[in-house]
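Trainee: I'm new to this one. Could you take a close look at where its parts touch each other and talk me through it?

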Amino acid sequence: MRVLMFGWEFPPHIAGGLGTASYGLTRGLAAQPDTEVIFVVPRAYGDEDQSIVSLIGANTVPVEFKKVRFNYFSKPIDKIEVFSKLVPYTDPEDFWKMTRGEVAETDVLVTTNKSGKVDFTGSYGASLMDEIHKYSMVAQVIASEQEFDIIHAHDWLAYPAGIAAKAVSGKPLVIHVHATDFDRSGGNVNPVVYNMEKEGMDAADKIITVSNLTRDIVICKYNINPDKVETVYNAVEPPHHSELDVPERTYDDKIVTFLGRITMQKGPEYFIEAARIVLSRMPNVRFVMAGSGDMMERMIRHAAALRITDRFHFTGFLRGNDVFTMLRMSDVYVMPSVSEPFGISPLEAMQSNVPVIISKQSGVAELLTHAVKVDFWDIEAMADAIYGILTYPALSRMFIMNGKEEVDKLKWDKAARHVKNIYNEVLKQTS
Amino acid sequence: MSTAQKKAICLYFQVHQPFRLRRYRFFEMGHEHYYYDDFMNESILRKIASDCYLPANKIILDLISKHKGKFRVTFSLSGIVIDQFRLYAPEVLASFKELAETGCVEFLAETNSHSLASLMDRERFERQISIHTEKMVEYLGYKPTSVRNTELIYSDEIGSWMADMGYKATVTEGAKHILGWKSPNFLYCNSINPKLKVLLRNYTLSDDIAFRFSNKSWSSYPLTAEKYVSWIKGLGSSSDIVNIFMDYETFGEHQKKETGIFDFLKHLPDVVIKKTPFVFMTVSEIADNYQPVAVLHVPSPISWADEERDLTAWMGNELQTAAVSKLYSLSEQVNRCGSDQLMRDWGYLQSSDHFYYMSTKFFSDGTVHAYFNPYENPYQAFMNYMNVLSDFEIRLKAVAPANVHDEEVNRLAAAVETKDHLISELREKLTKFEKKGRIVRTKAVKPKREKSPAATAKKAVAGKATSKKPIVKKTASRKTTAAKAKK
């Protein structure tokens, strides 16, 4: 079976959960017998190839084939790169900002940077839609040139490409919902994005969601037949950062970490409020908010207003291994997301032997047993859980031990098998 | 003995509800000292009272009068549930008293708090039993002659303590790993002190009612009194006694009224009395009427909980052992605290249910552990309990110092304070004398002038030394200051 997969990012350039997830799934699928994956990605991100993109411009769309050999598996995955200016998954918020006229610059789009403060153009909205359209054109080219049995498109920007490929080839389309605009916007949905998502869902023969939380949104908000929607939980790659040195702690303070984009969706203000409660009763603890995002400045002001900045630290955006170093230094990891379709980072924290507190409004909460689950707004429960884990060593040890065991069982191989079953079902139905 | 020829059925029901803790956040520590979820405790108890205790007691009372003393049952009420009846449902306590007055109902002694004290040490265990006995006498007018331990926890050692306390019999689980080829349907005795008779629960027959009664996928569903009695009868010559022990909440709560459990209970004695050679006996009656067939060896504690029939439901994981050991590490201080309020909380916090909620078996074999469990998971149960316990410890420390060392420090600190006080007094006196001395000096003749400053200087030095090292030199300094003062 050959799968034509339209993704968004591919290693080494992973900016969000989507890249990690689609990469993990692809690897898992490649390990299945009789399964080959052709992965299509738009490239436009801080790569050395970025120069090529700007050189070629938006008019021509060269397609380049590249064999990528994975270390773990003997089978090669065909990776096809589509050169375009598309911005990756982390940026819908910025896209948002722009469409709402919050950024009204007139510069021409050149590059994006990861800090979230991106040099967008005022006409970027139209240009983004343009890019998406272009991506779907390329998808048609690829679909007509390649041999495959099924199409798999990851998240809304790739849906049109999937639809186009389906139209050309007549092969069934599976779309993979890693997030919906309801998660990204906090309910303030962009109708253009919604339409694109809805079209993708309607055109799909099967919809895979990353959690039942997302599945419910797809069913209720996009009016999709529940039989068509199936949940496949994400997994996590085995850690390959064990050789990393963790800086020795020269102080006794415990560290509580928030790690992620500082945006409304991730609930950073609840973390700060919980910190305030804990700090009022516990002297030897420090809070770290790692990451960046449009709410960062507001959060810094908030922490300052609460007069806790001597114990509350901001790191800014963390890259590569810094993320894992930060995790390994932590005593508790908190993910207070207001709306999180899945949330892979708690799994990475658990791999790094860190107890996690997650919001009940996250998809990963459906999956995990050995994690504290609180409502994102329940700062008292959150504070209590932080205190409990920091104060009672038996609790912390239990979480670490059981959590590690639990997370080690979450294999992409299993998720990939599930996806493959879905492929088989879809093929049976459509043939 | 004629009764000894007969076979006996022993029905024993356990009655207990814990004081569940309210959600107690860490930032309340040191401020809020009320730990219980009154609303939850009251509503649960009221519900069970009306669904189970009251109707079941009524049925049993009717059965006793109907069968004129031939129907006999045994109960045990934890001290905590008696407290709850007094608070929330006094009519239940009255109905138990009524049952006690029939003379056909036996009540067992047990640990007051439904606690794990027997696993800690003998003294605590005995104290728990004696508090419970006082309660039984006070509220039911009944003094127990047999005893049972929390959750039927039993070992040779615990049994010997029971025997030494003068009890004639106890009940425990007929655990397979203890019995081996032996049958639970005979009377046994303790291996250290054979005076204590041991009745073993027939878990198959007990669980047929307690767990399987309403299970429609069970091959024997529906269970009728006739069918059940035919099984008992089938035990035939291979048994003397059949011990059917269960939670009283089985009737109307675990098995709802709609399952027909009350009809089953109503008909059971009829069928037994009419169709079998079996008679009903209470625990102590069996101990009086039968001879033990063998000594029972139970080197390490067993219980009636879960599949393992051991202690892992309460002390199976790290959270539980941490909580239990933290709790009992305070017991020596509690003994010295002398506060009724603290003693009451101490009792309620010992309830084994708190540890039961922390069981991580909850994840796999959860249903029983989840019963009336106020927590979402064991971690939450642990955090909440530890927060409460921390506040309890803070209060305790304020009243009774943590240990002998602290006490000594406190004593010495107090001594230092009184010494300091004394020194400052003496110093005042000294300055008075000095003033006097000056007055004298101005008046006096020259030779005295040299002597007196030297003497005052000496006094001052001595005074300083004593104030710096009051503890070490306290006796010596007292002598010197006293001596100076005399001068």
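Mentor: Let's go through the contacts, starting between the chains and then moving inside chain A. Bear in mind that this is a predicted model, where local features need pLDDT of at least 70, side-chain atom pairs count only at pLDDT 80 or more, and totals for chains, interfaces and linings use all residues. Residues are numbered from 1 along each chain as its sequence is written, while chains are lettered from A and ligands numbered from 1 in the order in which they are written.

Where chain A meets chain B, 16 residues of chain A are in contact with 12 residues of chain B (contact is when C-beta atoms, placed from the backbone, lie within 7 Å). On the chain A side, helix 9 (268-281), helix 14 (379-391) and helix 15 (393-408) each give two or more residues; helices here are DSSP runs (H or I, at least four residues), numbered from the N terminus. Helix 14 of chain A brings the largest share, 6 residues. By class, this side of chain A has 9 nonpolar, 3 polar and 4 charged residues (Ala, Val, Leu, Ile, Met, Phe, Trp, Tyr, Cys and Pro count as nonpolar, Asp, Glu, Lys and Arg as charged, the others, Gly among them, as polar).

Now look inside chain A, which is assigned domain 1 (2-235 + 412-430) and domain 2 (254-408); such bounds come from an automatic or database domain assignment. Here 21 residues of domain 1 touch 16 residues of domain 2. On the domain 1 side, helix 1 (17-30), helix 3 (92-99), helix 6 (181-185) and helix 8 (212-221) of chain A each supply at least two residues. That side of domain 1 divides into 5 nonpolar, 11 polar and 5 charged residues.

Key. Two residues are in contact if their C-beta atoms, placed from the backbone, lie within 7 Å.
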